[in-house]
Amino acid sequence: MARIDEQTTRDIAAQFDHKAEMLVQILQAIVSRYGWVPAETIRQLAEELNLSRADVHGVVEYYHDFRTIEPGKHIVKICQAEACQAMGSRELTEHAKKALTIELHDTNDDVTLEPVYCLGNCACSPAVMIDGKTHGRVDESRFDALLDTMRGND
Ligand code: FES
């Protein structure tokens, strides 16, 4: 993913009229474009929105999707909520960790592996999201096939 520059941060803040109450929407706009919120962007947003750095940092820390570490090219999320756990998401997560040789919240050469707490796909659990697309009833072999497809699309 690309790094966000100061002018882009300024432009995104301007789209929301530099309103402090739009901080979550501003962060969403940044993360949807860049995948993460670097420390220098947190500092700049505090200035742009006339907030303290702690205010911005607190919101970033609260939401899972507002990463402060640059993610890999691909983001794989495995649901850890109750319905998916009942259908084997813990075992699937262990399989994913081995397949990708990383732990949850880590990034290898091209993939970031993250937990997520319900993808709204409980009827088709266990559910996985890969690069924003949700997949249901994912077992180990289907997970491996999804990784192959993901990498095949590079
Ligand atoms: S509990 Fe996993 S999608 Fe809802």
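In this predicted model, helix 6, which covers residues 89-100, and helix 7, which covers residues 140-152, have axes that come within 10 Å of each other and cross at roughly 40°. Helix 6 is therefore oblique to helix 7. The points below describe this pair of helices and then the chain around it.

**How the two helices cross**

- Two packed helices are described by the angle between their axes and by the distance between those axes.
- The crossing of helix 6 with helix 7 is right-handed.

**Residues in the contact**

- On the side of helix 6, the contact is made by Leu-92, His-95, Ala-96 and Ala-99.
- On the side of helix 7, Glu-140, Phe-143, Asp-144 and Leu-147 make the contact.
- By residue type, the contact of helix 6 with helix 7 has 5 nonpolar, 1 polar and 2 charged residues.

**Elements of the chain**

- The chain contains 7 helices and 4 strands.
- Read from the N terminus, the order of its elements is α-α-α-α-β-α-α-β-β-β-α.

**Dimensions and burial**

- The C-alpha trace of the chain spans about 50 × 30 × 25 Å along its principal axes.
- The chain has 154 residues, and 26% of them count as buried.

**Contacts along the sequence**

- Taking the contacts in the chain between residues at least 6 apart in sequence, 59% join residues that are at least 24 apart.

Methods
Residues are numbered from 1 along each chain as its sequence is written. This is a predicted model: local features need pLDDT of at least 70, side-chain atom pairs count only at pLDDT 80 or more; totals for chains, interfaces and linings use all residues. Axes are lines fitted to C-alpha atoms, for helices over the stretch in contact, and angles run from 0 to 180 degrees between N-to-C directions. Helices (H or I, at least four residues) and strands (E, at least two) are DSSP runs, numbered from the N terminus. Angles under 35 degrees count as roughly parallel, over 145 as roughly antiparallel, 65 to 115 as roughly perpendicular and the rest as oblique. A crossing is left-handed if the near helix is turned anticlockwise from the far one by less than a right angle, and right-handed if clockwise. Two residues are in contact if their C-beta atoms, placed from the backbone, lie within 7 Å. Ala, Val, Leu, Ile, Met, Phe, Trp, Tyr, Cys and Pro count as nonpolar, Asp, Glu, Lys and Arg as charged, and the others, Gly among them, as polar. A residue is buried if 20 or more other C-beta atoms lie within 10 Å of its own, exposed if 12 or fewer, and partly exposed in between; C-beta atoms are placed from the backbone.
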